[in-house]
Amino acid sequence: MPTVRPATAADLPGVRAVAEHFGNLSHWLRRPDYLDREHDTGRLWVGVHDRAVVGFGGTTARGALTHLADLFVLPEHQSSGVGQALLARLLPVDAPRIVFASSDPRAVALYTRQGMLPCCPLLYLRGSPGTPPPPHPARRVTAADLADLDAAASGGPRRADLAWYGALPEVSAWRAGDGYAFARTVPGELLLGPAGGATPEDCAAAVLAALAEYGDVPTVRLVVFGPNPLLPLLLAYGFRVADMDVFAASESAPLPFDRYLPHPDLG
Ligand SMILES: CC(C)(COP(=O)(O)OP(=O)(O)OC[C@H]1O[C@@H](n2cnc3c(N)ncnc32)[C@H](O)[C@@H]1OP(=O)(O)O)[C@@H](O)C(=O)NCCC(=O)NCCS
């Protein structure tokens, strides 16, 4: 039976092998990546069998809110209790907690039993930025400039994580009115998020303004909650649904679905 424990630096190649099996690193072309960040903040756990990493889980935090960012077990070790054991160690049961549940029925079953109920769909959109002109242009700022706006939209403060992300050479931070967006470019592709605003209109205006800064990028990816008014707009402009998760949350952890776009890995 596999055991679970906090990840050490020596576990990272094994963790990466599991993450790569599930295609999680295809958009992280260089290190440090989000798994290094989870490890450096002491939020990465592994499931080990015969000294080999067979699964891992990781979280990020926004104030009191914990986001379960990863829970993955290699197929030959699935349904043997590793996921549940990792979950029990990773998530507080008495504090606000959220997760983007995959279509694997084991995931939503485990999360629901742990007190995170499925709330709404989360759509991973992909498209080319042929979007309407923004009401006002975006201004390039620093991650620190956006920390308060992000805390109000995303469910809690995460100044250090934003500083880490904003310092990656391919990441830019944008502000438009009372909205904001982080943009990360990898060859041929732009990932937008986290993004948000004081109101749904501020959020939409900031996302469109940031997109307008990257008119020549062939493909854009972003993540939208079902109730966000940007969803019908982006679909009308040719974005396609590439994947879908279910957002699940403990009762005490609602998010403003209509004015926040999460990052797929950082939440
Ligand atoms: C989802 C995942 C992490 C769960 O880990 P795991 O080690 O396989 O899960 P466990 O064995 O600890 O528990 C699975 C539970 O799901 C339950 N389950 C399985 N199929 C189910 C179904 N169709 N409906 C309800 N419950 C179901 C099992 O009964 C089991 O609970 P039990 O042990 O109390 O009987 C793992 O299967 C996995 O990596 N899946 C692929 C990647 C993925 O989708 N990850 C989730 C990202 S959000």
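**The ligand and its surroundings**

Modeller: Let us start with the residues around the ligand, of which there are 22, and among these V73, S79, G81, G83 and S102 come nearest. Please keep in mind that this is a predicted model.

Colleague: Which residue has a polar backbone atom 2.8 Å from an oxygen atom of the ligand?

Modeller: Several backbone atoms deserve a look here, one of them a polar backbone atom of L71, which is 3.0 Å from a nitrogen atom of the ligand. A backbone N or O atom of S80 lies 3.2 Å from an oxygen atom of the ligand. The distance of 2.8 Å, also to an oxygen atom of the ligand, belongs to a polar backbone atom of Q84.

Colleague: How much of the accessible area of the ligand does the protein cover?

Modeller: The ligand on its own has 950 Å² of accessible area, and that is the amount to which the share refers. Of this area, the protein covers 71%.

Colleague: Which element gives the most to the shell around the ligand?

Modeller: The space taken by the ligand is the largest pocket. Two or more residues of the shell come from each of the elements β4 (65–73), α3 (82–90), β5 (97–101) and α4 (105–113). With seven residues, the element that gives the most is α4.

**Strands and a helix**

Colleague: Why is strand β8 largely enclosed by the rest of the structure?

Modeller: Strand β8 spans residues 171–176, and a residue counts as buried when its relative accessible area is under 20%. The strand is largely enclosed because, of its six residues, the number that are buried is five.

Colleague: Which residue of β9 stands opposite W174?

Modeller: Strand β8 pairs in the antiparallel sense with β7 (residues 139–141) over three bridges, and in β8 the bridge partner of R140 is W174. With β9 (residues 179–186), strand β8 also pairs in the antiparallel sense, over six bridges. In β9, the residue that stands opposite W174 is A181.

Colleague: Which residue in the hairpin of β8 and β9 takes a positive phi?

Modeller: This hairpin has two residues between the strands. The positive phi, near 55°, is taken by G177.

Conventions
Residues are numbered from 1 along each chain as its sequence is written. This is a predicted model: local features need pLDDT of at least 70, side-chain atom pairs count only at pLDDT 80 or more; totals for chains, interfaces and linings use all residues. Side-chain values use heavy atoms; hydrogens and water are left out. Buried means under 20% relative accessible area, exposed over 50%, partly exposed in between (1.4 Å probe, protein chains only). Helices (H or I, at least four residues) and strands (E, at least two) are DSSP runs, numbered from the N terminus. Two strands pair if DSSP finds at least two bridges between them. A residue is near a molecule or strand if one of its heavy atoms lies within 4 Å of it. A polar contact is a pair of N or O atoms within 3.5 Å; within protein, one must be able to donate a hydrogen and the other to accept it, and residues adjacent in sequence count only if both atoms are side-chain atoms. Accessible areas come from the Shrake-Rupley method with a 1.4 Å probe; for residues, only the protein chains shown count as cover. On a 1 Å grid over the protein atoms alone, a cavity is a set of points where a 1.4 Å probe fits but cannot get out, and a pocket is an open set with protein on both sides within 12 Å along at least five of seven lines; lining residues have an atom within 4 Å of a point. A molecule sits in a cavity or pocket if more than half of its atoms lie within 2 Å of its grid points.
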